[in-house]
Amino acid sequence: MSPARFDTIVAVGGLVLASACTVAYLAGWGLGEESISSRAGLLAGSALLSAALLSLVLCRMNRNAQLAKRFLDTICEASDANHQVAARDALAALDAGSSWRPLLKRIERTLADRQSRLTDSETTRAAIEVRCRRALADQQRMSDIISSIPEPILVVDGYDDILLSNRSANELLGLDGMQAGRRALDQIERCQRLIALVGELRRYPSHMIRTESIELEDLRGTRRWYNVSVSALAAPRADDPTGVDPSGGVVVVFRDTTALRKVQKQHAEFVSSASHEMKAPLSGIKAYVELLADATDDATREEFVNVINGQAERLHRLVENLLNIARVEAGVVKVSKHAQPLNDILAEAVRVVQPSAELKQIAIAYEPSPLYLGVLVDRDLMLQAAINLLSNSIKYTRPSGKVTVSSRLVGDNVQFDVEDTGVGLSEEDCVKIFDKFYRVAKDKEMAPGTGLGLPLAKYLVEDVHGGRLSVTSKLGVGSRFTITLPMVARGSTLVAAAAHV
Amino acid sequence: MSKRVLLCDDEPYITAAARFKLSQAGYDVECACDGQAGWEAIQRQRPDVLVTDCQMPQMDGLQLIARVRSVAELANLPIFLLTGKGMELPHAELKLRWGLRAVLDKPFSPKELVRHIDEALADQSAAAATP
């Protein structure tokens, strides 16, 4: 039985009971002529009972009304998420069958519906926010990527407004100095050619990319070469989605080709220098072959043959040097080290360069150490290094100068010097002469060279033999090249040789 | 009196070979190992012909030629330029600019050089003979 019906029955029961008592009292039925007091007691008892029953019903109704009120209060005050909890609690507390119940149930349903719609929209909002954040992060990342690319990059739209430019582009083209607001292509004063290039790309849309080498001054005022490529921004064409709209924007990329140009120039100069160097002995050979054909006596003929032989030898050495440097570059140098006395190698080197020294009237003083000075080296390669140092000294020493070759023991190392009374080197050149192809500017006039002799010697001493090649020099006084190699004991000759077998 | 030829080249073998051949042909030959020495030799004893290499220490061949041509009395001195530079030098332009007799590529033939010098001197004396 529902509580509401129970209430009604209790209330109606109370009333019927009170009415029955009243009728009984008035009619005097069943009681006869009993005392007035017992009639009054019966009346009062039944009235009391009826009042108690009625007040019970009223109490229950009041409690339900208060619960409903509290529920509505909670709804007014509570946050969205608590509505359903409040409704559920109130419904649980309300007696079933109360007249508030259907109304509250409806309110609860409506609230639940609202709540679920709210949750849906909340989810959608969160999703949108996530996408927004992701898009922002993507954009920031793109912009960071473009900014960190060292090559200057510039994006221009169809109206010549600069849409995007990275740090390098700002620096190179002076975009930072531009007024805030509209940054336009035609405001770039430092590179007029760029404006023309963009124009050409738009005029001849069949060429989707145009490239040109442009010389520009960088921040430090150094002139540098850039390979500038201007390509159409890949925006699909309105009439033909497969085509690209050339009237749209363009992307401009600057590639610094200064270093490449320098290498190319060095290479060209090297080839020119090498072939010039080769022509000298070749000219000698050719001239003397001609003279030889006309020579009448044996003595002259022998002299000519000797010259031809010497020049052929010189040509051979040069080719050997070129080949060695090429091998070094390719990293295919065959090394076979044996323990041997350094002085033997030095004596041989002196013997090889003696003729060219005599030609220039340069005296070579050979001052070997009286000690054994064992070194573990590849004889041919170390000889090459020594010859290169000697030839270099002879080259840059004026006639009647002196070149001294000496060796000594320093601690656990063997050292030998090639000292000359030549033109000397500046401090800066002392470092640079070991760079491949580097030639001291003023020395270019003094003697032809390939700029390979010293770098090769350094490679042979340091990389191949773990030694050290250094130079000290004073301009106008002379230079001293020093090679230091670790010493090996005489006895280790056998060990080293055995190890190699 | 035999004609004087000045040879300027930093390659001793080149000058030696040319000197041998030219001496055989009856020339009086002097050699200089660079442009500076060449210029000093020209001032010391005026040669009838100058043969110079292009790339030399101190003063190179072109600098020497420029200096020679800046002197009025040497305006007609026949000059031969030897060069190992090949295409790097514009031969025709140099010939025209400095009034060179010929630009000879290295390696060159000493015999050829003697023939060139003979011709140059013959032309010069022919020009001198015509009033």
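Which residues have the most contacts inside the largest nonpolar core? In this predicted model, they are A:Ala386 and A:Leu390, and the core to which they belong has 42 residues. Several elements of chain A give two or more residues to this core: helix 9 (342-359), strand 8 (374-377), helix 10 (379-395), strand 9 (402-410), strand 10 (413-420), helix 13 (453-464) and strand 12 (478-486). With 8 residues, helix 10 of chain A gives the most. The surroundings of A:Leu390 can be listed by name. Once neighbours within four places in sequence are left aside, A:Leu390 is in contact with A:Ala349, A:Val350, A:Val353, A:Val403, A:Val405 and A:Val418. Apart from this core lies another, of 40 residues, and its members include A:Ile285 as well as B:Val5, B:Leu7 and B:Ile79.

The two chains can now be taken in turn. Chain A has 14 helices and 12 strands. Of its 501 residues, 26% are buried. Among contacts in chain A that join residues at least 6 apart in sequence, 61% are between residues at least 24 apart.

Some of the strands of chain A form an open sheet of 5 strands, in the order 7-9-10-12-11, with mixed pairing. Its edges are strand 7 (363-367) and strand 11 (468-474) of chain A, each of which pairs on one side only. On average, neighbouring strands of this sheet are turned by 15° against each other, direction ignored. Strand 7 and strand 9 of chain A run parallel and are joined by 5 bridges. On this pair, A:Ala363 stands opposite A:Lys402, which is in strand 9 of chain A.

Helices accompany this sheet. Helix 9 of chain A lies across strand 7, strand 9 and strand 10 of chain A, and runs at about 175° to strand 9 of chain A. Helix 13 of chain A also packs on the sheet, where it touches strand 11 and strand 12 of chain A; its direction makes about 135° with that of strand 11 of chain A.

Another open sheet in chain A also has 5 strands, here in the order 2-1-5-4-3, and its pairing is antiparallel. Strand 2 (162-165) and strand 3 (209-217) of chain A stand at the edges with a single partner strand each, so one side of each has no neighbour in the sheet. From one strand to the next, the twist averages 20°. Strand 4 (residues 223-232) and strand 5 (residues 250-256) of chain A run antiparallel and are joined by 7 bridges. One of the residue pairs is A:Tyr226 with its bridge partner A:Asp256, in strand 5 of chain A. Strands of a sheet, whether parallel or antiparallel, pair through backbone hydrogen bonds.

Next comes a helix of chain A. Helix 4 (residues 100-148) of chain A has 49 residues and reaches 70 Å from its first C-alpha to its last, close to the 72 Å expected at 1.5 Å a residue. Is helix 4 of chain A largely buried or in the open? Of the 49 residues of this helix, the number buried is 2, so helix 4 of chain A lies largely in the open.

A loop residue gives a local view of chain A. A:Val333 is found between helix 8 (298-330) and strand 6 (338-341) of chain A. It has 14 other C-beta atoms within 10 Å, and A:Val333 is therefore partly exposed. Not counting residues up to four places away in sequence, A:Val333 touches A:Arg327, A:Val328 and A:Val464. In sequence A:Val333 and A:Val464 are 131 residues apart, while in space they are 8.8 Å apart, C-alpha to C-alpha.

Chain B has 131 residues, of which buried residues make up 40%. Its secondary structure comes to 5 helices and 5 strands, and along the sequence these follow the pattern β-α-β-α-β-α-β-α-β-α. Of the contacts in chain B between residues at least 6 apart in sequence, 59% join residues at least 24 apart.

The chains meet where 20 residues of chain B are in contact with 19 residues of chain A. On the side of chain B that touches chain A, helix 1 (12-24) and helix 5 (110-129) of chain B each supply at least two residues. Helix 1 of chain B gives the most to this side, with 6 residues. By class, the side of chain B that touches chain A has 9 nonpolar, 4 polar and 7 charged residues.

Definitions and conventions: Residues are numbered from 1 along each chain as its sequence is written. Chains are lettered from A and ligands numbered from 1 in the order in which they are written. This is a predicted model: local features need pLDDT of at least 70, side-chain atom pairs count only at pLDDT 80 or more; totals for chains, interfaces and linings use all residues. Two residues are in contact if their C-beta atoms, placed from the backbone, lie within 7 Å. Helices (H or I, at least four residues) and strands (E, at least two) are DSSP runs, numbered from the N terminus. Ala, Val, Leu, Ile, Met, Phe, Trp, Tyr, Cys and Pro count as nonpolar, Asp, Glu, Lys and Arg as charged, and the others, Gly among them, as polar. A nonpolar core is a set of buried Ala, Val, Leu, Ile, Met, Phe, Trp, Tyr and Cys residues joined through C-beta atoms within 7 Å. A residue is buried if 20 or more other C-beta atoms lie within 10 Å of its own, exposed if 12 or fewer, and partly exposed in between; C-beta atoms are placed from the backbone. The expected span of a helix is 1.5 Å times one less than its number of residues. Two strands pair if DSSP finds at least two bridges between them. Axes are lines fitted to C-alpha atoms, for helices over the stretch in contact, and angles run from 0 to 180 degrees between N-to-C directions.
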